[in-house]
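Please keep the sequence and the 3D view at hand while reading.

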Amino acid sequence: MEIAEKSGLTADMLKVFETLPNMYLILSPDLMILTASQAYLTAVNKKSTDVQGKFIFDVFYQDNDMPGLTDIQTSLQQVLHTKKAHQLPVTRYDLPDPADKQRLLERYWLSSHTPVLNTDGQISYIIHQTENVTDLIFTEHKAKAVLRPPSNEMTLSEQRFAFLLNAMPQQVWTARPDGTLDYVNEFSCTYFGKDINYITDHGWQAFVHPQDIDACLKTWQTALETGKEYMVEFRLQMHTGAYKWHLGRAVPLIENGQTTLWLGTNINIDLQKNNEQKKDEFLSIASHELKTPLTSIKAFNQLMQRTSDPEKLNSFIHKSAERIFRLEKLINDLLDVTRINAGKMIYNLEEFNFSQMLRDSIESVQYTSPSHQISLECENEVLYTGDRFRIEQVVNNFLTNAIKYSPGADKILVKSSIQLQNIILSVQDFGIGIPEQELDRLFERYYRADNSAMRFEGLGLGLFISSEILKGHQGSFWIESEPDQGSTFYFRLPLPSPENVGPEANENHFYKDNTISITYNPDKQRLEVDWLGFQNLETVQHGCQLLADRLQKTKVHKILNDNNHVLGTWSEASEWVGKSGFPMLEKSGLQYFAWVFSPIAFSQLSARKSVDIAEGNVITQLFTDLPSARKWLDSK
Ligand code: ADP
């Protein structure tokens, strides 16, 4: 007390310091403890008699190796010297565990020293104020453990944790208890095209769609306040600029009853969201489509009840039957799609007369569509083994579409032929046609071209079902179309191959079979490839393998790739060509690839797709004629 009085501190002032809820030590200029606030004594588990009148370093920091000792000493010396307040960096000072005095608990403190001067400008006493920031530091440590690249200093479990988060193929993040984002994994950085500092500095807000931000922040705030799981659906802007739907989730890590960290993930759910939206749209169209014939049937039934005129009655029955037929078709289509989705489409294979089936189908469609004259050009009578009912369904779909989408025309041309052991059927109309950019999407479920969606009835299921039926028969189909001129829909069904004619080959690296011919041109130092007839994944893979082989043997780096003789479509192989075919050829030495288009639009689409998604460094150029392709390769 005496020393306290010397320092100009009255008993009242000492009382104030002792009762303040913060942690204070009041020190004399020779660093004796004048008093300590109750909060301080409680935190360090000491009584006032343990500390009062004692030299600070005799009570605290006795151990010379104690972390933080030098910081405290330096800070106090600085204050004594400059007579100015000084804030210390966070200092570690461990305290004995009340439950086990032998054990020290890791504790962190944020402290400051403020000198109080007397009228002579000399230090009367120093206020040592401190705050326990252990929780905050622990949280930071955790985040840093994750952020640090695995190092020898990290424990094995920390290294594993860091490795795990970075290896996760989805966005993983952590936030502090106050909600500040403090870590995102490498996947997130790539996804958003920003580094970790940018993302943690700006927070998720910088990426959330403006329309979703309010709901998102509100949910986050509630989670922070209640400590309950956070879950939200929002759109995030990825590095391409496009917004994608995500499901954001986070759970708090609770230690000693307190949230020390939030661990979160954002999962891309864009596909599911879009599908949901498509499904909703589809349901609304489907109900409309089902309701329209039903309303007519009801109306005709009422008319039938009211009339006794047999002629009128007949006409109403006929009209009503037409609508019932339409309703039945819609329901069957819906059932087919369900079967396809469940992988339960079953084909009853039997041999039948394909040409006869064609005539039957045309006859029934012609009967209900007198507006158009359907003519058939059938080159051969052919027997085919497949599901007659399902193949007829495809033909009917082509024919009814041809009629539906050519309201201003009056004829439909059907041609059937056999080419290279395949039945090729084409149905040509002179109607509205289809824009090129929509050609390859029509086989998707529910897809309807823009120019017809509003004007014509339909569910966009027929072509999808047809393509599945054809695939189920190892066939394919493609379209040639010109807007406002009309469309030709083709399909191909393979017939069993006759005895295999072996491929021709010679020592000059010439090779030919019925799908590909490869010639080595030693003068121009290139391979010249001619793809022949109908291609599928198997023939394309086989051809590329042959090319890789010959590239290695001839050691050339250029290919002249001619698609002029390709028939039909090979869209099922286009992805493989881009992702595996090109890398395989590059490995075998390919550098320049001149690609001459097939005249068929569908085949061109496949080529474009392969080039667009091609992986590796092969330089590829597309051409519509051979001479330009040759010239380009000559210049390389
Ligand atoms: P729907 O006719 O019920 O819409 P489809 O699956 O049979 O369903 O056809 C899908 C889409 O393909 C149609 O909505 C239309 O946009 C387009 N389409 C089909 N056939 C033709 C055709 N002959 N001419 C123009 N567009 C067609």
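## Cavities in the model

The structure holds 2 cavities of 30 Å³ or more, where a cavity is a set of points, on a 1 Å grid over the protein atoms alone, at which a 1.4 Å probe fits but cannot get out. A volume is the space filled by probe spheres set on the points, which are joined across faces, edges and corners.

This is a predicted model, in which local features need pLDDT of at least 70 and side-chain atom pairs count only at pLDDT 80 or more, while totals for chains, interfaces and linings use all residues. Residues are numbered from 1 along each chain as its sequence is written, and side-chain values use heavy atoms, with hydrogens and water left out.

## The largest cavity

About 160 Å³ of space lies in the largest cavity. Its lining (residues with an atom within 4 Å of a point) consists of 15 residues, and Trp 531, Val 540, Asn 561, Val 577 and Trp 595 lie nearest the centre.

Two or more lining residues come from each of helix 18 (537–554), helix 19 (574–587) and strand 28 (592–596), and helix 19 gives the most, with 4 residues. Helices (H or I, at least four residues) and strands (E, at least two) are DSSP runs, numbered from the N terminus.

## The second largest cavity

The second largest cavity contains about 70 Å³ of space, and the residues lining this cavity include Tyr 40, Phe 60, Trp 109 and His 128. At least two lining residues are supplied by each of helix 3 (38–44), strand 7 (108–117) and strand 8 (123–132).

How values were computed:
1 Å grid on protein atoms, 1.4 Å probe; cavity = no way out; pocket = protein on both sides within 12 Å on 5 of 7 lines; lining within 4 Å.
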